[in-house]
Every structure is written in C-alpha cells, then in structure tokens.
Amino acid sequence: MPAQSTLILPQDYFTLSEEAAMPRIAEARRRLGRRLMILGHHYQRDEVIQFADKTGDSFGLSRQAAANQDAETIVFCGVHFMAESADILTRPEQAVILPDMAAGCSMADMADLAQVEDAWDEIADALGDGPGVMPITYINSAADLKAFVGLHGGAVCTSSNAAPVIRWGLSRRAKLLFFPDQHLGRNTAAAMGIPLDEMVVWDPRRPAGSLGGNTPESLRRARIILWRGHCQVHQRFLPEHVRSFRDKFPGIQVIVHPECSYEVVQMADLSGSTSFIIDTITRAPSGTSWAVGTEIHLVDRLRRAHPDKFISSLVPGVCLCSTMNRIDPQHLLWVLEELERGEIVNRIKVPEPVASRARLALDRMLAIS
C-alpha cells in the first residue's frame, strides 16, 4: 500500500459538516474491519472518541497498539509524540497514522534535541569530575529526545510511574536532568521527600553558557535539574481556583493532575495521572463532590458518566487541549476513506537509529514499572 503525507485537509472534507461526516466514518470503520485499529486519547473530543476501539492515556494506548497483532493500520487520535511512541513500539509493517499532522503538544515543543544537547554539555562542564547525571524524559516529548535519553542510559516516564523512574535514576546516578515538564518532576520528587532546595530549574531560553540561569554551585547541590517547560492546559489552574471552589462548596474534594503547579498540587486533596483521576472518581461514593484540575473533555465525560456525583472543572469550560482538539471528524473521515482507496496519508514513521534508541528508553521504563 503506497504512503503519502500531507498537512492539508482536502476541500471536500474541509467544507463537510460534522453531522455529515459521522455516518461515513462509521461505514468506513465497518468496511475496514480488523485491518484497522482506532485509538482515542482521554482528552479527545467526544465526536471522535466515540469511534475509538481503545481509549486511554498516551503510553497506555501505545501499548494497546503494540499488543494488536491483527491491525495493518493504527489511527492514533491524539498528538504527534503519541503517534511516534506507537510507531516505535509496533511492528515495522504496521502503519501508524495521525489524522492531522499539525496536532502537536506545546509542552513537547518546549524542549528540542539541540537545546537538550547544549544543556547536557554545559552541565557536564560545570560538574567537571563530579557526580554523573541521569536523563529522564516525560513521555510528552519527541522521539529524538527519547532516543537521546536511551543513548545516555536514561528512561522515559509517565505521570503514573514518574516516582519509580526517578527512584531508579537516583539509585544509579547522583543527579537527574528531568524534561520537559518541570511541574511533574517537582511534584513527584517532592512527594518522594526530596526537598525543594535540592531542585533547580534549567531555562533553555537563557544565553549559551549561562547554565540555564544557575551557578556551578547550585548545580552541584541539586539532585534534580528541572527543565523549564509546562502544559498549557494544566498551567491554567491556579491556587485561587482551589480556594474559590472550597469557599463555594464546603467539603468538595479537589483532585488535580501532577502537571499542575506545585502550589496547586499542595492545596489539592489528591493528585495523580489521568488514569488515577478516572479511577478515583469512578470508585468514589455516590453523592460526593469533585473539582477536577485536568483537560475539560475528560472532566465533562466523567460528569456525564457519574450523574450521582457533583463533578466540575476547576476552571469550567475553558481548559481544553487546543492541539488535541485539531483531530476532528473531518480529518478522521479523510484518513479512513483514503485507506479504503489504498492510500496511507499522514503516516508517522520514526527513522533509525532514533527508533531503536528511543525504544531502549521506553523498554527501561517498562522494566522499572
């Protein structure tokens, strides 16, 4: 089957209404049968996720893709780095498609390979013959950064297993370089008992040679070097939002994602991964009240699934992942109907040796977990 790649949705699909696209998606999905697997991230819009064979977080979906031995093609309704991870973990003959190639991740974009390599060299120069540094990357990162981590003995982590990965890294080297999300690194390390004064932030926007805004002494004292990156969605949740909900709804429980700021996580009753949030609210007794600090599509889905509980976003109606939202019914229909014509559009293919090096970092994570 030939492959091609394009960023532009054809005009016939661009002008098509969502209502008109829905039955055509269902028909194409039915005709493609077991040759196709559609994966939908928890933050995906309802109009798309209803067609997913599996839903979940980024790495969970990649593992689902790797476990599927029947599908020739996997359509990943998520963002670019997620589809890359799926391609790395699946068989070479399986094609991974991202319906809209412009569906990226602002957090992943806050660290690129050149910046990380420069930081790595500067840190090594500053530490001299001192203790070694272990690179750890959040799964929300590009494949070439995962490959960098794999090459240098490090591992990938997710929001659900960041603690064991950090513990593993510190058992092997004295310091960690954790990127791209400073908040996940800080919140996880603090919960493990690592003091804030043993963490520093590396700002890649600082001039070359400035040690990311640090001094050689502060780098030598630090156990965790946090990259200055963040999630645009979870950055929006503020301490005043937590205070406001508690004032309006006495007894409400606040649960947030660890990509939120340290101050918000400290004020919350609970903090954990997307799966942790879903499981906690699902198991909670009827009549309980929850203010949730994560992406709005997931919060709305939880609210509809549990009408016996009060569930609200900490910032109602605002906090959607705009890049995830680029995957719409029109793009999904387009890639499916192209598949029926024997064409693969928007295929994600991670080249070698990047793929094998990134797989090392992912495999280490799986072994740690």
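Predicted model: local features only at pLDDT ≥ 70, side-chain atom pairs only at ≥ 80, totals over all residues.
## Ground rules

Two strands pair if DSSP finds at least two bridges between them, and the helices (H or I, at least four residues) and strands (E, at least two) are themselves DSSP runs, numbered from the N terminus.

Residues are numbered from 1 along each chain as its sequence is written, and side-chain values use heavy atoms, with hydrogens and water left out.

## Overall build

The chain has 16 helices and 16 strands. Its radius of gyration is 21 Å, close to the 21 Å that the globule rule gives for 369 residues, so the chain is as compact as a globular protein of that length. (The radius is taken over C-alpha atoms, and the rule is 2.2 Å times the number of residues to the power 0.38.) Along the principal axes, the C-alpha atoms fill a box of roughly 60 × 55 × 35 Å.

Strand 2 (residues 36-41) runs parallel to strand 3, and the two pair over three bridges. Within this pair, glycine 40 stands opposite threonine 55 in strand 3.

Helix 2 passes helix 15 in a left-handed crossing, that is, the near helix is turned anticlockwise from the far one by less than a right angle (clockwise would be right-handed). Among the residues in contact are Met22, Ile25 and Arg29 of helix 2, along with Leu332, Leu336 and Glu340 of helix 15. By class, this contact divides into ten nonpolar, one polar and six charged residues. (Ala, Val, Leu, Ile, Met, Phe, Trp, Tyr, Cys and Pro count as nonpolar, Asp, Glu, Lys and Arg as charged, and the others, Gly among them, as polar.)

Another open sheet of five strands has the order 7-6-8-10-9 and parallel pairing. Strand 7 (155-157) and strand 9 (199-202) are its edges, each with a single partner strand, so one side of each lacks a neighbour in the sheet. From one strand to the next, the twist averages 25°.

Strand 8 (residues 175-179) and strand 10 (residues 224-227) run parallel, joined by three bridges.

## Perpendicular helix pairs

Two packed helices are described by the angle between their axes and the distance between the axes. Helix 7 (residues 143-151) and helix 16 (residues 354-368) pack at about 65°, with axes 7 Å apart. They are therefore roughly perpendicular to each other (the label covers 65 to 115 degrees; under 35 is roughly parallel, over 145 roughly antiparallel, and the rest oblique). Helix 7 passes helix 16 in a left-handed crossing. The contact includes Ala147 and Leu151 of helix 7 and Arg357 and Ala361 of helix 16, and its make-up is nine nonpolar, one polar and four charged residues.

Helix 8 (residues 162-172) and helix 9 (residues 182-191) pack at about 80°, with axes 10 Å apart, and are therefore roughly perpendicular too. Ala162, Ala163 and Ile166 in helix 8 meet Leu184, Gly185, Thr188 and Ala189 in helix 9. That gives five nonpolar, two polar and no charged residues.

The peptide bond from phenylalanine 179 to proline 180 is cis, with omega near 0°, and proline 180 lies in the loop between strand 8 and helix 9. Another cis bond joins glutamate 352 and proline 353, with omega about 5°; proline 353 is in the loop between strand 16 and helix 16.

Leucine 211 has phi near 60°, a positive value in a residue other than glycine. Leucine 211 lies in the loop between strand 9 and helix 10 (216-221).

Terms used: Axes fitted to C-alpha atoms, helices over the stretch in contact; angles between N-to-C directions. Contact = heavy atoms within 4.5 Å.
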